[in-house]
Structure formats: C-alpha cells, structure tokens
Amino acid sequence: MAINREYLGRTFPAGEPYEVSRVKIADFADAISDPNPVYRDRSAAQAAGYADVIAPPTFAIVITMTGSARAVGDPGLGLNYAMVVHGEQRFEYSRQIVAGDVLTAQVTISDIRDAGRNVMLTTQTEIRTVQGEHVCTAHSTLVERGGAG
Amino acid sequence: MSYDEVQAGTELAPASYPATRLSLVKYCGASGDFNVIHWNERIARSVGLPDVIAHGMFTMAQAGRYVTDWAGPGAAVVEFGVRFSSMVVVPDDDIGATIEISGKVEEKLDGNRVALALTARSADTKVLTRARAVVRLP
C-alpha cells in the first residue's frame with residue numbers, strides 16, 4: 001500500500017502529557033549504557049546546576065515518539081512499519097529535559113518524498129511543557145524501503 | 001571542558017561502544033520502539049535485512065554519550081543531528097557489534113557554543129554521516 005500524500009502538512013493534536021520520571025530517565029540511561037551520574041543521582045545533577053536529574057540528549061526521542069506514534073500509526077497514512085528504518089534525526093534544544101517535566105509533543109508531517117524505490121517521511125515535533133515552554137524541536141525522517149509509488 | 005580551552009580543529013579521542021542483542025532489547029523497552037527488525041531475526045530477514053539491526057537512535061545515543069562525556073558537567077547540547085547512512089547489524093553472539101565514534105572541534109561559535117563534527121563506524125562502514133552537535137560550554 002502506497003503512502004497517502006494527502007497527509008503532507010497535517011498536524012496531529014498533542015496527546016496526553018508525558019510526565020518525566022527519575023526512574024524512566026535512569027532506565028533509558030541504563031539501556032544506552034551511559035553511566036553518567038547526572039542521569040541518576042539528584043545531588044550530582046544539582047552540583048551540575050540542575051533542579052533534578054536530567055535526561056540524556058536523545059531521551060527526547062521518547063517524548064517525540066509519543067506524538068509521532070499518532071502520525072506514523074495512523075492507518076490512513078499507510079506506512080508499513082516493518083519496512084521502516086530511521087533516515088535522519090535532528091534535535092534543537094532550548095534546555096535539557098529534567099525529571100518532573102510534564103511535556104507534550106505536537107507532530108506535523110513536514111515532508112513526504114520519493115528517493116529511488118524508497119519513500120521518505122519527515123516529521124517535525126514540538127516538545128513543550130504543559131505551561132507552554134519550548135524544550136525541544138525534533139526533526140525525524142523515516143525511510144520506508146520499497147515504499148515509493 | 002571550558003569554552004576558553006577549546007580550539008577549532010582539535011581532534012577528540014575516539015571511543016568504542018558495544019551493541020549486543022541485550023542492548024537492543026533493553027533499548028526497545030526503554031524507548032518504546034518495538035519495531036520487530038530490532039529483535040526478531042526471522043522477520044528482519046523476511047523483510048530483506050541481513051540480520052537484526054540496531055535502532056538508529058541507539059547509535060545516536062552512543063554519539064550523544066561521546067559528546068556529553070567530552071563536554072562534561074555544566075555543558076548543554078543545544079543541537080544534535082545525524083543521518084543514518086548504514087545499518088548496525090547485530091549478530092546473535094556474545095559480542096554483537098561495535099560502534100566506534102570519533103570527533104573533531106569543527107568551529108567555535110558565539111555564546112560559548114562549539115560545533116563538533118562526529119563520525120561513527122561499525123564493521124568498517126560509516127553508520128552516521130553529517131553527524132554534528134552544537135554544545136554550549138561553561
């Protein structure tokens with residue numbers, strides 16, 4: 001099934017806010033084998049100038065995916081997820097994600113284009129606190145192998 | 001690392017990070033990305049992949065660790081982008097794959113910011129291209 005190009009430019013409403021917990025950050029840091037104490041130890045984080053433990057930079061993908069799942073998982077888009085690999089990823093941070101943040105992710109499908117036999121889908125995700133403070137913008141390009149047409 | 005002690009053109013010491021099947025299972029759970037190609041060899045092969053492959057974001061996370069380890073406490077990553085140019089294939093043995101990361105201070109920017117150019121290789125193939133981080137240093 002070909003991807004539905006009518007989804008280009010569509011913005012998906014942010015879902016339920018995501019509350020960032022210390023335990024989740026520590027789990028993520030364990031999963032990427034990063035022993036940095038600022039991801040686990042509140043006093044180490046405070047010594048580095050933060051209110052609480054911070055998240056590794058790429059933790060922003062967890063919040064991004066809470067939003068982008070609504071887009072890429074929309075059956076109307078027609079993306080075959082087993083054929084999907086990640087093409088590009090870029091983050092622009094206003095600040096680090098800190099334990100206790102309550103964040104929302106609003107996703108827009110910013111580009112759909114063919115690249116040879118593949119189709120490339122780019123999303124832009126705005127991560128903000130529920131108070132509206134900008135934390136991070138994520139640009140993600142997914143490649144559906146063999147999906148062109 | 002402080003902004004004043006950084007010089008443009010300086011090469012950073014390279015580092016190696018392992019990626020095993022266990023790493024990928026843990027990363028699935030921690031990230032919420034359960035795409036079958038990261039844990040199911042049967043389906044990975046059936047969709048034309050050589051074997052189970054690592055999440056691109058796992059590789060990017062290793063590059064992120066490389067940057068934050070270099071920058072040290074008090075620094076902040078303000079921009080971080082990569083292109084996933086090749087897959088990190090993770091065989092079902094006790095060794096897995098190795099991701100080798102190196103970097104260079106590309107440019108000193110205003111506002112105590114420094115741009116780093118990064119490279120990542122696995123099995124002699126470049127797995128990240130156009131990998132760049134901008135870090136604000138104390």
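Two strands are taken to pair if DSSP finds at least two bridges between them; helices (H or I, at least four residues) and strands (E, at least two) are DSSP runs, numbered from the N terminus. The model is predicted, and local features need pLDDT of at least 70, side-chain atom pairs count only at pLDDT 80 or more, and totals for chains, interfaces and linings use all residues. Residues are numbered from 1 along each chain as its sequence is written, and chains are lettered from A and ligands numbered from 1 in the order in which they are written.

Chain B has 3 helices and 5 strands, in the sequence order β-α-α-α-β-β-β-β. Its C-alpha trace spans about 50 × 30 × 25 Å along the principal axes. Of the 138 residues of chain B, 40% are buried (20 or more other C-beta atoms, placed from the backbone, within 10 Å of the residue's own). In H3(B), 15 of the 16 residues are buried, so this helix is largely enclosed by the rest of the structure. Just after H3(B), Gly72(B) adopts a positive phi of about 80 degrees.

The contact between the chains (C-beta atoms, placed from the backbone, within 7 Å) involves 34 residues from chain B and 31 residues from chain A. On the side of chain B that touches chain A, helix H1 (21-31), helix H3 (56-71) and strand E2 (76-84) of chain B each give two or more residues. Strand E3 (residues 84-93) of chain A pairs with E2(B) in the antiparallel sense over 5 bridges. Within this pairing, Glu88(A) has Arg83(B) as its bridge partner in E2(B).

Notes:
Contact = placed C-beta atoms within 7 Å. Buried ≥ 20, exposed ≤ 12 C-beta atoms within 10 Å, placed from the backbone.
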